[in-house]
Amino acid sequence: MKKTLSLAVIAVLCVSMLLTACTGTYDKKPDEYKKIRWAAPDYSFTIYPDKDCTGTYKFDNKIYNIKVEFEGAASLIARDTDNKDTRLFMGDWMYDDGNLYIYNIQFNTKDYKAFDENYAEHVTLTKEKV
């Protein structure tokens with residue numbers, strides 16, 4: 001009985017170590033960098049960590065002034081600062097080769113009808129010095 005219990009505990013520990021290794025850890029969250037901006041290749045999405053993670057999001061010839069809140073280990077919320085900090089979208093993030101990869105983007109189509117036609121599900125932002 002003790003042997004079986006010991007083997008079960010070892011198996012659980014091994015599985016948990018494997019799962020932890022797959023999730024990855026980050027030494028810094030995207031909002032902890034200094035003197036950089038995160039920007040999409042076409043500059044349709046920018047974030048300035050030094051400026052309280054404010055930036056812009058451009059869609060359908062409209063520019064939204066945003067503030068991005070990085071919550072927990074890997075999620076974010078972008079708020080429209082011109083519209084009482086209403087949630088513009090939310091998503092998840094991770095690093096990919098030093099870039100900031102935002103995925104699982106879910107737009108607030110209730111308050112922003114234009115986003116019914118926004119099919120962007122992910123975006124890659126590069127780190128640029130400012």
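Two strands count as paired if DSSP finds at least two bridges between them. Strands themselves are DSSP runs of E with at least two residues, numbered from the N terminus (helices are runs of H or I with at least four residues). With that in hand, look at β1 and β2: they run antiparallel and are joined by 2 bridges. Before going further, a word on what you're looking at: this is a predicted model, where local features need pLDDT of at least 70, side-chain atom pairs count only at pLDDT 80 or more, and totals for chains, interfaces and linings use all residues. Residues are numbered from 1 along each chain as its sequence is written, and side-chain values use heavy atoms, with hydrogens and water left out.

Back to β1 and β2. Find Trp38, and you'll see that its bridge partner in β2 is Ile47. The two strands make a hairpin with 5 residues between them, and Tyr43 in the turn has a positive phi of about 60°.

Strand β1 also pairs with β8, again antiparallel, this time over 4 bridges.

Now for the side chains. How many salt bridges does a search of the whole structure find? There are 3, where a salt bridge is a side-chain nitrogen of Lys or Arg within 4 Å of a carboxyl oxygen of Asp or Glu.

Start with Glu128 and Arg37, whose closest N and O atoms sit 2.8 Å apart in a salt bridge. This pair links distant parts of the chain: Glu128 is in β8 (residues 122-129) and Arg37 in β1 (residues 36-39), 91 residues apart. Arg37 is partly exposed, with a relative accessible area of 21%; partly exposed is what lies between buried (under 20% relative accessible area) and exposed (over 50%), using a 1.4 Å probe and protein chains only.

Next comes Asp52, which forms a salt bridge with Lys67, the closest N and O atoms being 2.9 Å apart. Asp52 lies in the loop between β2 (45-48) and β3 (54-59), while Lys67 is in β4 (residues 62-71), so the pair ties together parts 15 residues apart in sequence. Lys67 is partly exposed too, at 27% relative accessible area.

Finally, Arg79 and Glu69 form a salt bridge with their closest N and O atoms 3.2 Å apart. Arg79 belongs to β5 (residues 75-80) and Glu69 to β4, so this pair ties together parts 10 residues apart in sequence. Arg79 has a relative accessible area of 21% and Glu69 comes in at 25%, so Arg79 counts as partly exposed, and so does Glu69.
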